[in-house]
Amino acid sequence: MSAQAEATAPATQDSPEGANYLTHERGLKSWLTTVDHKRIGIMYLIAVIIGFLGGGIFALLVRTELLFPGETIMEADTYNQMFTLHGAVMIFLFIIPSIPAALGNFFLPMMLGTKDVAFPRLNLASFYIFVFGAVLALVAIVVGRVDTGWTFYTPFSVREAGISNAVLWMTMAVFIMGFSSILTGVNFIATVHTMRAPGLHWRRLPLFIWGVYATAVIQVLATPVLAITVLLLFMENILGIGIFNPQLGGDPVLFQHFFWFYSHPAVYIMILPGMAVESEIIATFSRRSIFGYMFVAMSSVAIALISFLVWGHHMFTSGMSEYAAMVFSGLTFLVAIPSAVKIFNWVATLYGGSISVKSPMLYGLSFIVLFSIGGLTGLSLATLSTDIHLHDTYFVVAHFHYTMVGGTVIAFLGGLHYWWPKMTGKMYSEKLAITAWFFVFVGFNVTFISQFIMGSQGMPRRYYDYQDQYQPLHMSSSGGAYILGVGFLIMGYMFLKSLRSGEKAPPNPWGSAGFEWQSTSPPHPHNFAEEPTMNRGPYDYPLATEEELWDGFPEDFKPSKAKAEA
Amino acid sequence: MAHADHGPKFLQHHFDTPSQQFTAAKLGMWLFLAQEILFFSGLFVAYFIFRSWYPEAFSIGSHLLDWRMGAANTVVLLLSSFTAAMAVRSAQVGDRKATGNYLLLTMVFAAVFMVVKYFEYAHKIHVGFLPGGHFAPTEEGMRELAEAVGTSFHGEGVAYHLRSYFGIYFVMTGIHGLHVLVGIGLMFWLWLKNRRGEFSKEYFTPVDCTALYWHLVDLIWIYLFPLLYLID
C-alpha cells in the first residue's frame, strides 16, 4: 500500500530548485498513474471542459432549431435527443464535477496546508470511475435515442424493454458517475476533518473549504439515493420488476419522488461550490476579511441541510397531496434565507473594501447580480399558485439557467481565471479576458431574459414547435446564445495562448492572503516545501506580511518580479 | 528511500502520524457506510409504500417464503459478525494465527448464508414466483399459493400484486446478497494480507474497516428478515 504511494512521491528535501508538480515527473504514464491531487484536479479539469464543449454544442443546436417555428435544421425526434443530451451532459459531465472535482481537488489540500487528500488512490479511482461513466454515456448517445429529458421520468423511460433502450445505458452511466461523486465526497470530508495543518482550526477554514465540505456532505448522503433509483430503473427495464412501471403495478410518481430526493440536493451540489469560489474571489479583490465569516460558512451548511427537505417543489403538478405541496412550498422559501445571507455578506464585504476589478472579480461581481436574479425568480416558482402557471414553461428554464450558469458556471469561470496563474504558472491576457467576459455576460443575459419573458407568456419548455407570437423572443434568445458562444471561443483562445506564450506568473499575482497563494506557482509537488503552520486566518489582511501577500510563505520565498509589477 | 525517516512502513507519505492515518481511514469508512444506508433507504421506502398499498399481497407473500431458512440465515450472519469482531480483536493484540482463523470462519458463515439463499432463490424461480412481469406461478406454485392464502383470499387482485412483493423481495435480497459476496471477497483479501504478516498491533486498519462493513451488511439483513419473512 505505502510502497506505491512512496514510489510516486518525490523526495521533499532534495527536489531540484524550482521543481513543481508539472515538471518533477514527465510523460503520459506519470499523469495517468498519478496520485497527486493537483494532477488529478487538472485531469478532471480537462474532462469537464470536454463535457462543457459537448453540452454547449448541443445547446447551440437546440437554439438554432428554435430560431423559427416548424423544422429549421432537424426533425422533432432529433430535437428531443438534443435537449436531453444538453441537459444530461451539462449536469452529469460538467457542472457536478466542475468545481468540486477539478478546482476542489487542486485547492482543497493546498488551502488545508497538507500534502494530499486523505485517500489519494481513491481519488484517482474516482477519476477513472468518472471517465468510465462518461464513456458509457457516449455509448448511450451512439446506440440509440436518449430523448426522455435528463430526468428519465417513468413510464416514458421504460417504454422499450431490453438493452436496445439507450436510456438504460445513460442511467448506468449516471449510476457510475454518481459513485465517482460519492467517493470524492467521502475523500474531501475525511481530508477536512483529519488533514488540516497545525493552527488551521475550524474558525480559520477558508470559505472555499466550507462550501466544498457542505457539498461533500450532500454528495455522500444524496447521491446513493440516485444510485438506487437508477438501479431500480435499470432493473425495471431489464427484468420488469414492477416498481416504477404502472403496467406492472408500479408507481411512476414514486420515481419522481426518488429522483428529486437526489436531484434537488444535487442542484446545491452544483451551486454551493460556486458560492465557495465566490467568497474567495470577493475577499481577495476587496482586500479585506469576509464580512460575517461565520454566517457565510454556516449558511453553506444550512443550505446543505435544507436541501434535503424541498424535493417536492418539483412535483407540484405531478399529483401529490396539496398539504404536502404546502409544506414543500414553505420549506422551499427557507432556502432563500441562507442564500440571501451570503449575498448580503458579499455586498457588505465590498463596502469599504479596496476593490480592484480584475477579470476574476468581473465574474465575481456578475455572480452576485445573476445569482440574485436566479434566486429571486425561484421564489415565484416556490409559490404554489404562480407555479401552476409557470410550471414547465421557459420561465423555469430561465430560472435554473440563472442559478446554474449565472451562478455556478460564472463562478467556475471566475475561479478558473483566479487560479489559472497558480495552476499553470502562466499569466493570461487581461484584455482578452475582459473581452470574453463582456460577450459571456451580455450573451447570457440576452439568452435568458428573453426566456423569462416568453415563459411568463406561456411558452412551454421542451417544445419543438411554437406559435408565431413567440418567434421574436426565440430569435433573440438564440442570438444571445451565439454571443455567449463567441465569448467562450475568445476565452478558449485566451487560455490556450496563455499556455503557449503566457508570461511567467508570480507566486501571488493578486496579492491574496489565502493559503493556496503561499506556495510557488505552479506549486511544489508537495504543495509547500515545508508543512506550513497557520498563524492567521485566510482573510486576515492586517496580519499578513508583505512577503506573504506577494511572494508566499517565507520558506517558499523565491525572488520574483511581483513587487516591481505591483 | 527518501522516506526512511518518515515513520513505519505502513504510514503513507501524506500522513504525519499513524494515528492520523487510522482516524482518516475510520472516518472514511463510516462515511461510506452512511452512503450505504442511504442507498438501501430507497429500497426500504419502496417496501413500505408497496406494503401500505398491497397489505394482503405482502402478507401472503411472506407466507410463501420459508421462515426457517430466513431464521437460519439470521443466526449464521450473527455468528459471522461475532467472528468478524473477534478477527479485529485478534489483529489488535497481534495474534496473527487467530486473526486468520476468525477471518476464515467469517467467510465460511458468509458462504453458508449464500448457499441457503441459493436454495431459496432456486425454489422461487422453479415455482414461478418471479418479480413483476415475469410472475407466473406453476402448478406447484399455485398449490403453495392456495396453502398460504388460507381463508383470507380475496380473488385475483391480491395474487396480481404478489408480483410487486416478489419484485421488492428479489431486489432487496439480491442487492444484499451482492454485498455479502463483496464481503467474502474483502475477507479473502484480508486473509491473504494477514498471511503475509502485514498486520500488527500498530496497523490493523483494513481489518477494522472491513469488519465495520460486515456488521452493516449483517444489520441490513436483521431488518430484511422480519420485514420480508415475518409479516403477521
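Helix α13(A) crosses helix α14(A) in a left-handed sense. The model is predicted.

**The α13–α14 pair in chain A**
- Two packed helices are described by the angle between their axes and the distance between the axes.
- Helix α13 of chain A covers residues 394–424, and helix α14 of chain A covers residues 430–456.
- Their axes lie 8 Å apart, at an angle of about 165°.
- Angles over 145 degrees count as roughly antiparallel, so α13(A) is roughly antiparallel to α14(A).
- On the α13(A) side, the contact includes Tyr394(A), Phe395(A), His401(A) and His417(A).
- On the α14(A) side, the contact includes Ala433(A), Phe444(A), Phe448(A) and Ser456(A).
- The residues of this contact divide into twelve nonpolar, six polar and no charged.

**Chain A overall**
- Chain A has 17 helices and zero strands.
- Its radius of gyration is 23 Å, close to the 24 Å that the globule rule gives for 566 residues, so chain A is as compact as a globular protein of that length.
- The C-alpha trace of chain A spans about 70 × 50 × 45 Å along its principal axes.
- Of the 566 residues in chain A, 58% count as buried.
- Among contacts in chain A with a separation of 6 or more, 84% come from residues 24 or more positions apart.

**Val158 in chain B**
- Val158(B) sits in helix α6 of chain B, residues 156–195.
- Val158(B) counts as buried because it has 21 C-beta neighbours inside 10 Å, and the cut-off is 20 or more.
- Val115(B) is 43 residues from Val158(B) in sequence. In space, the two are 31 Å apart, C-alpha to C-alpha.

Note on methods. Residues are numbered from 1 along each chain as its sequence is written. Chains are lettered from A and ligands numbered from 1 in the order in which they are written. This is a predicted model: local features need pLDDT of at least 70, side-chain atom pairs count only at pLDDT 80 or more; totals for chains, interfaces and linings use all residues. Helices (H or I, at least four residues) and strands (E, at least two) are DSSP runs, numbered from the N terminus. A residue is buried if 20 or more other C-beta atoms lie within 10 Å of its own, exposed if 12 or fewer, and partly exposed in between; C-beta atoms are placed from the backbone. Axes are lines fitted to C-alpha atoms, for helices over the stretch in contact, and angles run from 0 to 180 degrees between N-to-C directions. Angles under 35 degrees count as roughly parallel, over 145 as roughly antiparallel, 65 to 115 as roughly perpendicular and the rest as oblique. A crossing is left-handed if the near helix is turned anticlockwise from the far one by less than a right angle, and right-handed if clockwise. Two residues are in contact if their C-beta atoms, placed from the backbone, lie within 7 Å. Ala, Val, Leu, Ile, Met, Phe, Trp, Tyr, Cys and Pro count as nonpolar, Asp, Glu, Lys and Arg as charged, and the others, Gly among them, as polar. The radius of gyration is taken over C-alpha atoms; the globule rule is 2.2 Å times the number of residues to the power 0.38.
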